[in-house]
Amino acid sequence: MRTGDFDYVLPEERIAQTPAEPRDASRLLVLDRDEPSGQLEHRSFCDLTEYLRPGDLMVFNRSRVIPARLYGTETRSGARVEVLLVRRQEPGIWQALGRPGRRLRVGARVTVEAHDGSRSTQVEILEALENGLRLVRVSDESALGGLGELPLPPYIKETPDDPERYQTVYADAPGSVAAPTAGLHFTEALLDRIRSYGVTTAWVTLHVGLDTFRPVHGEDIAEHKIHTEWFEMPEDTAAAINAARRAGSRIIAVGTTTVRTLEHVARDADSTGAQEIQASAGDADLFILPGHRFRLVDAMLTNFHLPRSTLLMLVSAFAGRERILAAYEEAIRREYRFYSFGDAMLLL
């Protein structure tokens with residue numbers, strides 16, 4: 001496999017700049033892996049319940065996007081700089097990206113202030129890491145909510161009037177620097193309707209990092225090192241998954257981040273010879289590529305992903321590279337909306 005095997009051309013006008021209103025008014029492309037003809041169904045997201053069965057278990061990522069983009073002043077030069085918090089390592093200590101990089105050498109300090117001067121925090125550069133990352137200390141994390149901005153992807157040129165539109169309706173675990181976008185289509189009413197069908201809902205946490213969305217550079221996929229992301233598999237969710245497996249019920253993952261969490265804990269269980277998964281938390285480092293044997297996930301909901309990205313590779317592993325690329329070509333032809341604020345796919 002080469003990185004170019006996961007490339008496609010997307011017209012710029014197909015990149016969604018604003019979310020659908022209401023959330024579940026987005027379109028839904030349905031791909032049944034057991035359908036030999038490769039025929040696709042074109043539906044609305046609110047039709048999702050027609051593809052669910054009593055006893056299904058749907059698993060969601062409850063992570064919430066944090067205001068991780070900070071604009072401030074480098075204290076020695078007075079230059080304006082940007083610091084993007086990427087991952088919290090411990091209280092007050094973060095991995096971060098910054099620009100311009102020449103202003104953010106080890107020892108530099110950045111003061112971030114509210115527009116009215118009522119609050120501030122200081123970011124100190126502690127160490128230079130690989131891939132342009134810095135290790136930084138944030139003096140007052142409690143101030144971030146009033147100082148930082150949501151780190152929207154660079155392909156979104158318009159900031160939503162309501163910042164909550166870049167959060168899922170169930171997000172309550174702060175820590176992500178990008179939204180788990182498959183969940184953006186759900187409303188509270190749709191969740192209630194799903195449960196009324198006899199479908200069980202459960203929750204995991206995986207704090208999304210920027211590496212998830214970055215294109216893979218270089219043609220040799222084996223040389224790409226995927227960054228770890230913190231996850232938590234709660235006891236009640238592990239119990240629900242084990243019960244679903246015993247009953248022969250489908251496990252439907254909402255989003256690639258949920259897929260990664262489920263398959264990571266399944267791999268860990270396999271490595272110890274355990275018959276059932278266990279509650280756990282830690283760093284997910286699983287890079288899912290074609291050839292991966294899916295242990296837990298029977299179906300998934302997902303958005304349309306960037307060319308040459310690890311997420312496109314993941315969905316290709318689940319449904320087949322040729323079928324996914326053919327589905328993307330059809331979606332472009334039918335003017336589906338792509339990426340974070342775009343439409344969704346259901347892979348059965």
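Two strands are said to pair if DSSP finds at least two bridges between them, and the legends below use the word in that sense for a predicted model.

**View 1. Strand β13 and its pairing partners.** Strand β12, which covers residues 200–206, pairs with β13 in the antiparallel sense over 2 bridges, and within this pairing Thr205 stands opposite Glu232 of β13. Strand β15, residues 280–284, is also paired with β13 in the antiparallel sense, here over 5 bridges, and Ser280 in β15 is the bridge partner of Met233.

**View 2. The two faces of strand β13.** In a regular strand the side chains alternate between the two faces of the sheet. Within β13, residues 229–233, the covered face is made up of Glu229, Phe231 and Met233, whereas Trp230 and Glu232 belong to the uncovered face.

**View 3. Thr200 in strand β12.** Thr200 lies in strand β12 and counts as partly exposed because its relative accessibility is 41%. Apart from neighbours within four places in sequence, Thr200 is in contact with Asp56, Leu57 and Met58. Thr200 and Ala244 are 44 residues apart in sequence, and their C-alpha atoms are 9.4 Å apart in space.

**View 4. Helix α3 and its buried side.** Helix α3, residues 235–247, reaches 18 Å from its first C-alpha to its last, close to the 18 Å expected for its 13 residues at 1.5 Å a residue. Its buried residues are Thr237, Ala238, Ile241, Asn242 and Ala244; they cover an arc of only 160° around the axis, and therefore lie on the same side of α3. What covers these buried residues includes β3, β12, β13, β14 and α4, while the face turned away from the buried side carries the exposed residues Glu235, Asp236, Arg246 and Ala247. After α3 comes Gly248, which has a positive phi near 75°.

Technical notes: Residues numbered from 1 in each chain as written. Predicted model: local features only at pLDDT ≥ 70, side-chain atom pairs only at ≥ 80, totals over all residues. Heavy atoms only, no water. Buried < 20%, exposed > 50% of the residue type's maximum accessible area, 1.4 Å probe, protein only. Helix = DSSP H or I, 4+ residues; strand = E, 2+ residues; numbered from the N terminus. Contact = heavy atoms within 4.5 Å. Expected span 1.5 Å × (residues − 1). Arc of directions from axis to C-beta.
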